[in-house]
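Dear colleague,

Please find the structure below, together with its sequence.

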Amino acid sequence: MKSHLKIESRQLNILFDSLKDLGYTIVGPTVREGSIVYDNIDSASGLPVGWTDEQSAAAYKLKRRGDNSYFGYNLSPYSWKRFLFPPRVKLFSAAKKGKSFKINSDSGNASVPIMSLPNYAFIGVRPCEIQAIKIQDKVFNNWQYIDTVYKNRKEKVFIVAVNCTQAGGTCFCVSMNSGPKADNGFDIALTEVIDKGGHYFIVEAGSEKGNELMSKIPHTVAGQSEIENANRLVQTTARQMNKSMDTKDIKELLYANLESRHWDDVATRCLTCANCTMVCPTCFCTTVEDVTDLTGENAERWKRWDSCFTMDFARVFGGNFRSSSRARYRQWMTHKLASWIDQFGTSGCVGCGRCITWCPVGIDITEEIEKIKEKGGKGEYFNHKDTKVTKEIKKD
Amino acid sequence: MNSNVGIDSMFPLPAQIRKVVWETEDTFTLLLEPDNGGSDFHFSPGQFNMLYAFGIGESAISISSDPSNKDNIAHTIHRVGSVTSVFSQLEKGDVIGLRGPFGNGWPVEKAKGKDVCIVTGGIGLAPLRPVLYSIFNNRKEYGKIFLLYGARSPLDLLYRVELEKWGKMKDVTVQVIVDRCDTSWKGHIGVVTKLFSYIKLNTANTIAMICGPEIMMKFTIQELSQRGVPPEQIYISMERNMKCGIGLCGHCQCGPKFVCKDGPVFALPQISQFLEKKEI
Amino acid sequence: MEKRDLSEIVRHHPFVNDLSEYHLNILISCVSNVRFAEGSYIFHEGEDATKFYLIREGKVALEIHSGEKGAIRVQTIGEGEVLGWSWIVSPYKWHYDACVIDNVRAFAFDGKCLRTKCEADHDFGYEMIKRFSQVLEQNLKAARYQVMDVYGR
């Protein structure tokens, strides 16, 4: 059994300092422009002390809590993917050489030697976000090809998880089995407790690196009642969660409902703005842009985030495979919740609820699933035999 | 497969144009000599390369040459967009970028000992030409070969000299049909599936390989199924928007498949469930 | 050739596939054996559609005369296929010119004779309708695909 340690809140800065001593660049939650973003922070005072967020479909608001909690908010609109999987990456630059050209692979971020990438320490990674990182680990290593941009960053990162002690209005991690407590996937995990006994963190180390860090931070072994207090907070969070998604046979449900009339209904509301894909911590689609300077002698290739909601996404010469918004919403949701399972052996959804909060018209993925179940679900379009064959071929 | 290939797969290598062959008014073949640092360029029939026009962009182009010819890697290209327009203006000696080969090809091994029925339309003949070369290089290992080929008009037919040559080979049937023509054309007019009326398939022992516009593949599948060719003996090559070629960019998804990495060639049962759906 | 000999050959044409012996005999009663040389026309647009043909060999192109664009060939009909359906659809006129582009051997069936037999024996008439709706369906599908210009840009 993992031992539980305890850090007093006033010692939290030592965690920052120790990480800095180990050479880490610290990224954590901080208040900016009316929301909590993830950015470089220097000390515990940069955290959103005393702030919380209220989230519901298409609504997000910061509020004072009335205490001094460091992690008393729910979830940032940003996810950590922007650090592991940057929105824009230069893959290479190239220069003309006579009729030919030469790739300068050492000038692009992709090939930056691992040593010169910053060592990120993420502070305040929520359990659902850890699940998202685990999912992207699979996405970016598809058994044939590895995205080394991601891999090089991920390998170096130090993760300080913070378990959730309150449920946000759009959270449904319990349904997705990804929270509110992280069991692994972190270097250390904190649970913040404020009660009569004071303000402290219950700490679990999840890796050798985590143990090493803890050896530098003053701590005690947590008492049984303190551990129970922390556990109770997490359990209460799970009970508070008022959104849920029934994931039983969800792949079959969605594959059977590719022609559901409900997609037309969503299409009347969806603006295809791509917000959901930008805030989603697992969405991974990118496009490639090739550019030249004015002389035409020097070229660059950039990779940047793309979204299946854009009109160009499935465009080919002479046509577009998904020109309707109905088809694009269906692609996003069916991919996230169904075909992702075929592709990567896991759902692409972690229940973080960002797509609900940040949808300008408040489309709620949990509600859409319920409606599809009500309207369709007869399964007449689903060919069980074909699916079996698909599986068999995949095994080879 | 390439289990440690990283983002380097996104770097094109220079490839020099050895020859440009204009097949039709708007379709041409580039014979390329890739600068592979001295190592041979290997590919299987049905695989594709990402061809790069310096600073302009890339296009996924099937390889259309004989896999046993390591020096001249052919790509037959339809001039349709900005990148392919740039390619269309190039000459012998010019250099473009090439990365690949990517994807899974046609079941040339599985087809050994069987009849092969190739049904293609338009530019779809290009990715199947390497299959024909492979078969003719190992002729005894295959049964009868049928090539059914549909084109827009007689002027749009690719590889005309070769079509004629193949048609004269023993146990090879080449049937060509066009959508429209004037009275100088003495061949068939209509849709490609009509050509099934003129051949006799041993359906139980035939591997069918189809490549063309998706709609053409759909009605060919219907026809083959009606004639009793089992779905697991039918293979198709899919087209989707491809940006990376290595299953990472997400663009080419069709249901759970990444067309670039899991395809572009699929056995019908792998994909049929999604092929029938609009805008998948 | 005797009708009896003809029936032996006719029954192998795909069109006749699965037709009962009884109905085959009715069909045969209206048949004649015909040949057309390359370059000749089997029928012309606007003429009475008095026959349909089962092609045994050769190839026929259907042409539309478009005026300024000359003759446009829209479809070829070859071995094992059926030429002509206008005999069964009022007002029984040909809509195209049928130009022989490869010497043709065919069975010709007299339309008027068959229409009388279809009226007299609706079971036989239904068999004919079933088979010709398939011909029409295929033509319609082919025409739609061609209109889509699937190989175009």
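In this model, C30(C) and C113(C) are linked by a disulfide, with an S to S distance of 1.9 Å; a disulfide is taken here as a pair of cysteine sulfur atoms within 2.5 Å. The model is a predicted one, in which local features need pLDDT of at least 70 and side-chain atom pairs count only at pLDDT 80 or more, while totals for chains, interfaces and linings use all residues. Residues are numbered from 1 along each chain as its sequence is written, chains are lettered from A and ligands numbered from 1 in the order in which they are written, and side-chain values use heavy atoms, with hydrogens and water left out.

The search of the whole structure, over all chains, gives one disulfide. The link of C30(C) and C113(C) is left-handed, with -65° about the S-S bond. Because C30(C) sits in the loop between α2 (21-28) and β1 (31-36) of chain C and C113(C) in helix α3 (residues 111-120) of chain C, the bond ties together parts that are 83 residues apart in sequence. Helices (H or I, at least four residues) and strands (E, at least two) are DSSP runs, numbered from the N terminus.

C30(C) is buried, at 6% relative accessibility, whereas C113(C) is partly exposed, at 21%. Buried means under 20% relative accessible area, exposed over 50%, and partly exposed in between (1.4 Å probe, protein chains only).

In chain A, the cysteine sulfur closest to that of C276(A) belongs to C273(A) and is 6.3 Å away, too far for a bond. C283(A) is in no disulfide, and its nearest cysteine sulfur, that of C280(A), is 3.9 Å away. C276(A) is buried at 13% relative accessibility, and C283(A) is buried at 12%.

Yours sincerely
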